[in-house]
Amino acid sequence: MLKAKDLIKSFGQLAVLKGISLHVNRGEVVAIIGQSGSGKSTLLRCLNNLERVDGGSIQIGGQPLVTDGAYVPKKQQREICLKMGYVFQNFNLFPHMNVLRNLTEAQMCVLNRSREQAESYARTLLGKVGLSDREKAYPYQLSGGQQQRVAIARALAIDPEILCFDEPTSALDPLLTQEVLGVIRNLANEKRTMIVVTHEMAFAREVADRVVFMDQGFIVAEGTPNEVFKNERVRAFSRMGEEDVKAPDTATVKRFLSNKERAAAEMQQSGVAWRGVTPPILIRSGGMYGARTAIFVEGAQRSGDDRNK
Ligand SMILES: Nc1ncnc2c1ncn2[C@@H]1O[C@H](COP(=O)(O)OP(=O)(O)OP(=O)(O)O)[C@@H](O)[C@H]1O
Ligand SMILES: [Mg+2]
């Protein structure tokens, strides 16, 4: 389905991918984990042609995108990349379009589907991600978790053969994270081919058929979750996260408190009564540490985020 061989990529003097080879079989879920700066996003962006490699080869669905550093012509690149769907960390929905149009735009412009066809398919996909009742909403009217579910439906709308996620839950608080992970889990059960860059170790363990651990531009461990999580370096890496989750430090708690006040002020300004905030939960996201909170407003929930360490 996807084959990458000896990928090399630098940004100026900085070598980021130092000879990466990766294959993804049909129906397989591959999780990519690793420290911040190890090159996970760069790898995913190169596979999606959002970034160019300096050397190496990529084949998608049997068709070459780049061979020994030489890319096929632009038109072919576009065709090949239609096989790939990409879900961004920060959703990247079109802010001026409602949910339905976010899902129909590419179907009509790129795949030449009629409005009727596009809308009908969009509604099927919204049902799949549990958002049938929100097709008229604009992105700003949705929670982060809902926006991310729309983004997943939008990626699915062009029928990609491989769906790629770059830390799809790192901008979400724990509750909304579960919503989104639930959708990805369902897609995995449908045997969709997926590559997921994630810092959710438990999720990687549960959902991935194969885990790839990257360190400083190399793949240093690869195999089934059981195999990879036995690796000493991977264990040290995943333990690091666990310890931090258990022990928020004073500075974090202080930041949380300032965040809580800011949240209360914001709520009052916008004229909504707020009921309270969950205690801070220290999270690790792509190598960044921060406290996440959930803010409860008259029974509804808004996510709060304080990630600036
Ligand atoms: N467009 C760019 N220009 C210059 N340097 C970049 C660019 N994109 C990434 N880098 C650098 O390449 C290295 C790898 O970045 P990358 O985003 O791939 O890491 P990552 O493993 O995804 O990290 P994280 O877990 O923090 O998301 C980093 O040192 C980063 O600063
Ligand atoms: Mg990244």
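1. Two residues are taken to be in contact if their C-beta atoms, placed from the backbone, lie within 7 Å. On that basis, residues 24 or more positions apart account for 61% of the contacts in the protein chain with a separation of 6 or more.

2. This is a predicted model, in which local features need pLDDT of at least 70 and side-chain atom pairs count only at pLDDT 80 or more, while totals for chains, interfaces and linings use all residues. Residues are numbered from 1 along each chain as its sequence is written, and chains are lettered from A and ligands numbered from 1 in the order in which they are written.

3. The protein chain holds ten helices and 15 strands; helices (H or I, at least four residues) and strands (E, at least two) are DSSP runs, numbered from the N terminus. Of its 309 residues, 38% count as buried. A residue is buried if 20 or more other C-beta atoms lie within 10 Å of its own, exposed if 12 or fewer, and partly exposed in between, with C-beta atoms placed from the backbone.

4. Six strands form an open sheet with mixed pairing, in the order β7-β8-β9-β3-β10-β11. The edges are taken by β7 (84-87) and β11 (218-223), each with a single partner strand, so one side of each has no neighbour in the sheet. Direction ignored, neighbouring strands of this sheet are turned by 20° against each other on average. Axes here are lines fitted to C-alpha atoms, for helices over the stretch in contact, and angles run from 0 to 180 degrees between N-to-C directions.

5. Two strands pair if DSSP finds at least two bridges between them. Strand β9 (residues 193-197) is paired in the parallel sense with β3 (residues 29-34) over four bridges, and β8 and β9 are also paired in the parallel sense, over five bridges.

6. How many of the five residues of β9 are buried? Five of the five are, so β9 is largely enclosed by the rest of the structure. Thr193, Ile195 and Val197 point one way from the strand, and Met194 and Val196 point the other way.

7. Helix α5 lies across β7 and β8 (162-166) and runs at about 170° to β7. Together, β8, α6 and β9 make a right-handed β-α-β unit; a crossover is right-handed if, with the strands pointing away from the viewer, the path from the first strand over the helix to the second runs clockwise.

8. Helix α4 (residues 115-128) has 14 residues and reaches 20 Å from its first C-alpha to its last, close to the expected 20 Å at 1.5 Å a residue. The expected span is 1.5 Å times one less than the number of residues. Its buried residues are Ala118, Ala122 and Leu126. They cover an arc of only 70° around the axis, which puts them on the same side of α4; the arc is that of the directions from the helix axis to the C-beta atoms. The face turned away from this buried side carries the exposed residues Glu116, Ser120 and Gly127.

9. Where do the buried residues of α4 pack? They pack against α3 (99-109) and α5 (144-157). In α3, Val99, Asn102, Leu103, Thr104 and Gln107 are buried, and the buried residues of α3 pack against α4 and α5.

10. Leu126, in helix α4, is buried, with 21 other C-beta atoms within 10 Å. Not counting residues up to four places away in sequence, Leu126 touches Leu131, Ser132, Glu135 and Ala153. The C-alpha atoms of Leu126 and Ala153 are separated by 6.4 Å, with the two residues 27 apart along the chain.

11. Some backbone angles deserve a look. Just after α4, Gly130 takes a positive phi of about 75°. Asn112, in the loop between α3 and α4, has a positive phi near 55° although it is a residue other than glycine; Asn112 counts as exposed, with 9 C-beta neighbours inside 10 Å. Asn49, in the loop between α1 (40-47) and β4 (55-60), is not a glycine and has a positive phi of about 60°. Asn49 is partly exposed, with 19 other C-beta atoms within 10 Å.
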